[in-house]
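Here's a quick tour of a protein model, one piece at a time. Have the picture open while you read.

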Amino acid sequence: MSPKQTPMSAVDRAWLRMDTPQNPMMICGVWTLERPVSMSRLRHTLEERFLCFNRFRQRVIDTGDRAYWQDDPLFYLDNHLHRIALPGKADKAELQKLVSDMNSTSLDFRQPLWQMHYIDNYGDGGALLIRIHHCIADGISLVRVMLSLTDKTPEPRLGKVARKRRSKPGRKSAIQNFLHRAVDSAQTATNQARLFIQSVREEPNYPLKLATTASGVALDLLKLGLAPGEPKTGLKEPLSGRKQVAWADPLDLAEVKACAKALGGTINDALLCTVTGALQRHFAAHKETIPECGIRVAVPFNLRPLDQPIETLGNKFGLVLVTLPVEVRDPLMCFRQVQENMNRLKQSYQAQVTYSLLDIFGRGPDVIERRALDLLSNKASAVLTNVPGPKEPLYLAGSKLTQPMFWVPQSGSIGIGMSILSYAGTVQFGITVDKAIHADPDAVMGYFRESFEALSHEALAGRHDAIERKAS
């Protein structure tokens, strides 16, 4: 008897079909650890906390017009968990080179689409390299799954480890499966609109507000389709498929909060302004003309309630196009422009629109998805993720997690991915760049810190001047 097959959702199938030699659809992460870990303890942690999600035991069956999840009859953890070593007491450059090589290598579609490598000889400790295909789940879900492997102390609580593998769903008819997928596809957008509907339902002009919402969605869809392509810069080049990754020394989260507070904005506003300043410095270093209209980055927007446990994986997010005003050189004016752009996006339905488009593309022919993907990827120069992480230090298999970093894949013709992750009072910033793009990832990491320091100096100096004026 062949293993049971479960239909893949349309949105997950859309991400499956985005996989190309130039852009493998992998979410890649690297965790640096304070000291070496026991492999037997790491295996036990994965068996109890990672493999409880059936999806990590399943491979993809793609028939061309449909895709399925199928239990891998030959699944064995050692096919996915490997132990390797860097030469001697390797530094960050050696680890970044290894991660770059792995991030350029596609996963084996004959097996469940994930791999982990425990890396010995990184400084006084080690590192864990993680690669998971995007069709399994979105970045927010996978970060939460990976963090579930950790503990708040070096010794785990037994209650957390003792989790049972989730039961398999029962057999459904074809009609039930179709209805289930349709409901699942619409459920997230429905949840996002529910609070709005509840707040206006009792008002006399409720039908008018509902109609306004529908027209807003239609308008955002039209704006997305008619948005001009990205200006020609060195950030948009034909891709080679070879990736280079780098990450910066972390920023102090308290300093970022103080900067944002002084400017009357959010931490997200301050970090996006910092990214803008880093790209300004990149253009200046390459003596490249800065586009007068700015550049756009595609930012994943979570549509999954963060206060609910992850019972199922899959992709539950949309994309919004954020304009970074790289043409505005003054840090404070740049911050105000970023803040205005973000406030405008918060009032839009762009995330729900792109999620629905992915659902539609996943149900249609491959050629239509490819053309639509080319159209959308031409409207952004990079992908940027910003994920809030744990506030306290965590431990993996007894070893303190010193620096977590991850990158989401870039789709279509996009060759740059930037990631921001808060962790234990710090802000981690990393980048992955296709080798055909003339951008030094280590240099951009340096620009990131320079950009933040310039913004923070202007923000705190302005607050100091205001205090002095008030005192006088």
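First, a term: contact means heavy atoms within 4.5 Å. Keep in mind, too, that this is a predicted model.

With that settled, look at helix H8 (residues 253–262) and helix H9 (residues 267–285). They pack with their axes 8 Å apart, at an angle of about 100 degrees. Angles of 65 to 115 degrees count as roughly perpendicular, so that's how H8 sits relative to H9.

Who's touching whom? On the H8 side you'll find Leu 253, Val 256, Lys 257 and Ala 260, and they meet Ile 267, Ala 270 and Leu 271 from H9. Sorted by class, this contact of H8 with H9 has 6 nonpolar residues, no polar ones and 1 charged.

## Helix H3

Now jump to H3, which covers residues 92–103 and has 12 residues. From its first C-alpha to its last, H3 reaches 16 Å, close to the 16 Å expected at 1.5 Å a residue.

Which residues of H3 are buried? They are Leu 95, Gln 96, Leu 98, Val 99, Ser 100, Met 102 and Asn 103.

## A look at Ala 397

Ala 397 lies in the loop between strand E13 (395–396) and strand E14 (399–407). Is Ala 397 buried or exposed? Its relative accessible area is 9%, and under 20% counts as buried, so Ala 397 is buried.

What does Ala 397 touch, leaving aside its neighbours within four places in sequence? Ala 397 is in contact with Val 37, Arg 41 and Leu 42. There's also Asp 151: it is 246 residues from Ala 397 in sequence, yet their C-alpha atoms are 8.2 Å apart in space.

How values were computed: Residues numbered from 1 in each chain as written. Predicted model: local features only at pLDDT ≥ 70, side-chain atom pairs only at ≥ 80, totals over all residues. Heavy atoms only, no water. Helix = DSSP H or I, 4+ residues; strand = E, 2+ residues; numbered from the N terminus. Expected span 1.5 Å × (residues − 1). Buried < 20%, exposed > 50% of the residue type's maximum accessible area, 1.4 Å probe, protein only. Axes fitted to C-alpha atoms, helices over the stretch in contact; angles between N-to-C directions. Parallel < 35°, antiparallel > 145°, perpendicular 65-115°, else oblique. Nonpolar A, V, L, I, M, F, W, Y, C, P; charged D, E, K, R; others polar.
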